[in-house]
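Thanks for asking me to look over this model with you. Here is my note, written so that you can follow along.

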Amino acid sequence: MAERNIPEQLAAFLQEYDLRGQELLLGFSGGADSTALLLALLAVGQPCRAVHFQHGLRGEAALADEQWCREFCCQRGTAFQSLPLQVPERRQAGESIEEAARRLRLEAWRDLSAAGRLPVLLAHHLDDCLEDLLLKLARGGNASGLCGLREYRRMGPLRLYRPLLSWRKAALEEYVRSCGVAEWRLD
């Protein structure tokens, strides 16, 4: 793990990718990882809009997550937007629920980012990288198919950034607690 704290590392990341001062879109589920990223963005004075996706899969629990996220952002003066994805209804033939959800999120990010004008920050962390690698190995991936999550990825005009890839989930949870936040959503 880097020697710097999360806000310091985030500030360096934003500088490296020339994102300082730009409006950023933040994928915000309310989990410890996206909560840590939002708090770090606030700590460095970086404007963002927190975007919460309602997948239409978990009923009342998902509605409670959305409400928690809305209130969390409102209390901190952060712009918040929730989008219904309606994954079960929009699932294509042969698609798993996970594949449909991923496709619909990417479509929504493309629309929200105004054809790539607004960068998208995602709160994937080191544990997500390890999980991704293990899933690829379990599926029989070869060396060319085993590339992990990257801190920057361009998908057509869409620009995705993952500034927390060097941090373990436990460290992110500790950072959230150090900011005085004792609870988050389990996503």
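1. A word on the model. This is a predicted model, in which local features need pLDDT of at least 70 and side-chain atom pairs count only at pLDDT 80 or more, while totals for chains, interfaces and linings use all residues. Residues are numbered from 1 along each chain as its sequence is written, and side-chain values use heavy atoms, with hydrogens and water left out.

2. The sheet. Six strands make an open, mixed sheet, ordered E3-E2-E1-E4-E6-E5. Helices (H or I, at least four residues) and strands (E, at least two) are DSSP runs numbered from the N terminus, and two strands pair if DSSP finds at least two bridges between them. At the edges sit strand E3 (79–84) and strand E5 (152–155), each pairing on one side only.

3. Strand E1 (residues 24–27) and strand E2 (residues 48–54) are parallel and share four bridges. Gly27 has Val51 in E2 as its bridge partner.

4. A residue in a helix.

5. Two loop residues. Asp18, in the loop between H1 and E1, has a positive phi of about 55° although it is not a glycine. Asp18 counts as exposed because its relative accessibility is 61%. Gln86, in the loop between E3 and helix H4 (87–90), is also not a glycine, and its phi is positive, near 50°. With 42% relative accessibility, Gln86 counts as partly exposed.

Technical notes. Buried means under 20% relative accessible area, exposed over 50%, partly exposed in between (1.4 Å probe, protein chains only).
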